[in-house]
Amino acid sequence: MVLVLLGFHLAGVGMVLALGRRLGIRPLLALGGTAPAISAVWAVVQLIAGSSDRTSMVTWVGGLDLELRFKVDSLALLMTLLVSGIGALVFIYAIGYFNRDTTGGSRFSASLLGFSASMVGLVWADSVWTLFIFWELTSVTSFLLVGHKNQDPSVLAAARRALMITGAGGLILLAGLLVLAQQANTTIISELPAIGGTSGTIAAILVLVGAATKSAQVPFHVWLPGAMAAPTPVSAYLHSATMVKAGVLLLAVTGPAFANVEAFTTLGLAFGLTSMLWGAVGALRQGDAKLILAWGTISQLGLMVTLLALGTGKAVFAAISLLFAHALFKAALFLIVGEVDVRTGTRQIDQLGGLASSMPLSFAAAALAGLSMAGAPPLLGFTAKEAALESLATLDGVQQIVVSVGVGAGSVLTVAYTLRFVFGVFGPGPPTVVAPRRWLMTIPALTLASLGFVGYLVLGWVNDIVRPAAVELNAAADYSLLRWPGLTAPFGASLGILAVGTALGFGVIRRNVGTPEPKGARTADALLDGVLVAASRATGRIQHGSLPVYLTVMAATASLAALPFFTGLDTSGLVLANQPLEMVLAAAILVSATAGAFVGSRLGAALTLGAVGTGVSGLFVLYGAPDLALTQLLVETIVVVGFVIGLGHLAQQFPAASGGWRLTRLAVSVLGGLSVTAALAAAAANSVGQAPLADLKAGAVDEGGGNNIVNVILTDMRALDTLGEVVVLATVALGILALANVRPPEVPG
Amino acid sequence: MSIALLVTVGGLTTVGLYLITARSLSRILLGFSILGHAAVIALLTAGGPPGNAPLADRDSASDIANPVPQALALTAIVISFGLTLFLLALARRQQALTGDDLVEDDLEDKRIAARLQTASTEATA
């Protein structure tokens with residue numbers, strides 16, 4: 001079924017692309033939304049029917065554990081619900097968002113659906129390789145979607161930044177997964193054992209960095225605000241609700257494997273707490289409503305990473321609850337910003353006013369979602385925040401103090417930027433002109449926002465979705481979200497956070513800081529440009545177009561690779577010569593060849609080549625190879641004749657070469673000769689067994705029906721090879737004919 | 001294994017490499033031919049000790065030379081023959097068109113290098 005659903009997505013991409021020219025953007029979006037809708041309905045049915053394990057796999061290379069392996073467990077089902085459910089709503093929303101005559105509809109719908117497919121694939125993956133493939137696919141589709149308005153250089157820069165950072169993170173993740181799979185001795189994610197040791201630490205750090213790039217953790221967060229250049233449906237879907245959760249999901253599923261690795265907790269807490277605070281501060285400094293939400297996402301993701309790094313049962317449960325609640329309220333808020341943007345033409349909070357009365361439904365949705373984000377009752381966000389605060393109570397020592405202070409401060413700032421967002425967009429101000437309502441934009445936002453309240457009312461159902469997912473990761477995570485926690489310390493903390501946050505929020509609502517300089521993005525771009533410039537320089541230097549230099553470099557590299565043969569050479573099997581005549585022939589060959597290298601005249605060179613060939617023929621006779629000797633003599637004769645005929649028109653002397661370059665060539669050639677000699681000697685010292693001479697002889701006579709064993713091998717045993725050789729010679733002959741048929745260029749005039 | 005042949009292979013490889021890194025196409029051609037010889041002798045020496053011609057009706061199996069490397073060497077000789085003649089035709093064509101047989105630097109590569117150089121100076125400026 002999993003594969004069928006993926007097939008639906010891919011078929012959808014194909015259909016959207018095929019119909020792209022005939023249909024406008026709206027029908028294409030409706031078509032694209034079908035597959036996520038089906039997938040979401042399937043997830044709901046599975047949840048109601050109760051879950052048993054759903055595993056599917058397509059084996060590619062069995063022996064190497066290379067397979068597309070999927071398993072839809074409770075966590076995957078929860079994520080499917082979010083990815084496909086929000087996906088379907090975003091497609092509906094996009095129909096309202098784009099004007100009827102917008103161009104680029106097929107590209108947008110196909111990329112968005114392609115992303116949806118990659119994301120469900122990532123969520124369902126149960127092999128580290130499958131996970132990695134879909135992880136990279138989400139980066140690529142995200143790049144296409146961020147860069148959708150491909151005429152604007154700043155948009156393209158933002159898309160490039162996002163691709164480079166997440167792409168580099170993907171490579172780091174691959175390294176981490178390799179170490180993890182090696183150490184755990186399995187590639188199946190759901191069967192990863194707890195690993196430790198130095199490799200465990202290395203794997204944990206690499207995986208954490210990979211996850212941090214995807215989930216926009218400080219200092220890799222710089223791509224996320226830039227990605228807001230994408231159309232708002234994309235920001236709502238990819239950059240708040242789903243794709244940025246991929247890193248969190250990765251930490252969740254690999255967390256059990258790293259349970260004993262101290263670096264996982266330490267580095268994870270560092271990433272999470274820094275991001276939570278810095279993201280919230282960033283949100284307070286922005287004047288653009290969409291950027292406030294983007295920085296808020298960084299902060300919220302930081303809280304999830306913090307909880308997963310702690311790894312206790314309660315913390316994991318709280319992280320999964322937050323993941324669920326955050327997807328609902330943050331997607332809703334983004335959709336509202338998009339509607340405000342489309343209907344008023346601006347997202348700057350100091351230019352918006354009176355929207356509470358002119359856009360009442362959106363205001364209601366924003367209030368619900370905002371309260372959920374701030375963690376106020378009676379909403380899902382409140383219960384999740386309670387669970388997070390409660391999980392801090394089980395810690396001890398310095399860790400408890402640091403994490404509690406960080407999370408507390410982060411939560412206070414969260415309340416503040418939520419207030420700033422809601423009052424900035426909907427609060428009083430110079431009245432803004434508002435275009436007519438677009439229902440297709442209002443309804444999805446309202447649906448997602450009210451789900452936060454409905455979820456609070458039917459908290460039992462939410463628990464049935466969240467609890468099994470958390471228990472799968474950590475058996476100790478068997479908790480429930482509470483509608484009313486009672487008068488406990490976490491509840492007191494919640495109230496305190498709300499109070500302080502509200503006070504702080506009202507203090508900063510009217511402070512218009514404007515849009516601060518994106519310093520981080522500048523630095524990232526400068527780094528990328530530096531890499532590109534260095535790459536151009538290196539390419540210019542290495543690939544400069546001279547064939548002799550290329551060949552010299554290749555020969556030198558190959559020779560250096562043969563260096564190990566020089567050590568521990570076994571010389572016991574070597575004799576000076578098998579037959580005395582060998583030495584004479586060898587000397588003759590070497591002298592002729594050396595003369596050929598240095599003789600200045602072309603004719604002389606051709607003659608030395610003939611001498612070398614004749615000497616080699618003599619060696620063949622000594623080694624009992626009359627066929628070779630005959631062939632060689634014939635070939636040599638033709639070559640020398642050809643040489644004289646073919647190059648007869650050329651100048652008598654070779655052109656002179658420069659001194660320094662000649663010395664380099666000479667040195668590399670000598671090195672090459674030495675390494676070939678050493679490799680050959682090493683091969684001789686490590687001979688394996690005897691040649692099956694008797695078998696070859698019997699085979700030639702009985703099966704080939706010939707006495708000349710070499711001939712039988714060529715015409716019988718390797719007949720197909722010999723046929724290929726004949727074809728090569730025929731091709732060469734044709735080529736020579738074509739090349740020879742040339743007239744000198746005529747001089748014009 | 002015979003040291004004489006080892007040295008021959010090494011020497012021929014050296015000369016061959018030196019020649020194929022030259023500018024003149026006819027020298028490159030000589031180099032290819034000589035490298036071909038080196039490869040054939042290497043095959044022969046790797047096949048074991050010398051013996052009588054591998055003819056089934058003349059000698060017993062213990063006296064004959066290993067026929068497998070001979071078959072491989074025969075293929076090698078023929079292919080290197082084809083390659084040499086093809087290069088010869090190329091050199092001749094080059095000479096007919098330009099008057100000499102020098103291998104020029106690849107124009108496309110030069111253009112790429114030049115373009116990147118200007119791009120990088122612009123980016124740093």
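A residue is called buried when under 20% of its relative accessible area remains. The model described here is predicted.

Helix H10 of chain A spans residues 232-241. Ten of its ten residues are buried, so H10(A) is largely enclosed by the rest of the structure.

Helix H16 of chain A covers residues 360-374. This helix has 15 residues. From its first C-alpha to its last, H16(A) reaches 21 Å, close to the 21 Å expected at 1.5 Å a residue. Its buried residues are Ser362(A), Ala365(A), Ala366(A), Ala369(A), Gly370(A), Ser372(A), Met373(A) and Ala374(A). These residues pack against several helices of chain A, including H13 (289-310), H14 (313-344) and H17 (380-393). Helices H18 (397-426), H19 (439-457) and H21 (489-508) are also among the partners. Just after H16(A) comes Gly375(A), with a positive phi of about 85°.

The surface carries a nonpolar patch. Leu560(A), Leu563(A), Phe566(A), Phe598(A), Leu663(A), Leu666(A), Val670(A) and Leu674(A) form this patch. Together they have about 710 Å² of accessible area. Helix H27 of chain A, residues 659-685, supplies the largest share of the patch, with four residues. Leu663(A) lies in H27(A). Its relative accessibility is 58%. Exposed means over 50%, so Leu663(A) counts as exposed.

Terms used: Residues numbered from 1 in each chain as written. Chains lettered and ligands numbered in written order. Predicted model: local features only at pLDDT ≥ 70, side-chain atom pairs only at ≥ 80, totals over all residues. Heavy atoms only, no water. Patch = residues over 30% accessible without salt bridge, like charges linked within 9 Å, V, L, I, M, F, W, Y side chains within 5 Å. Areas by Shrake-Rupley, 256 points an atom, 1.4 Å probe, with all protein chains shown as cover. Salt bridge = Lys/Arg side-chain N within 4 Å of Asp/Glu carboxyl O. Helix = DSSP H or I, 4+ residues; strand = E, 2+ residues; numbered from the N terminus. Buried < 20%, exposed > 50% of the residue type's maximum accessible area, 1.4 Å probe, protein only. Expected span 1.5 Å × (residues − 1). Contact = heavy atoms within 4.5 Å.
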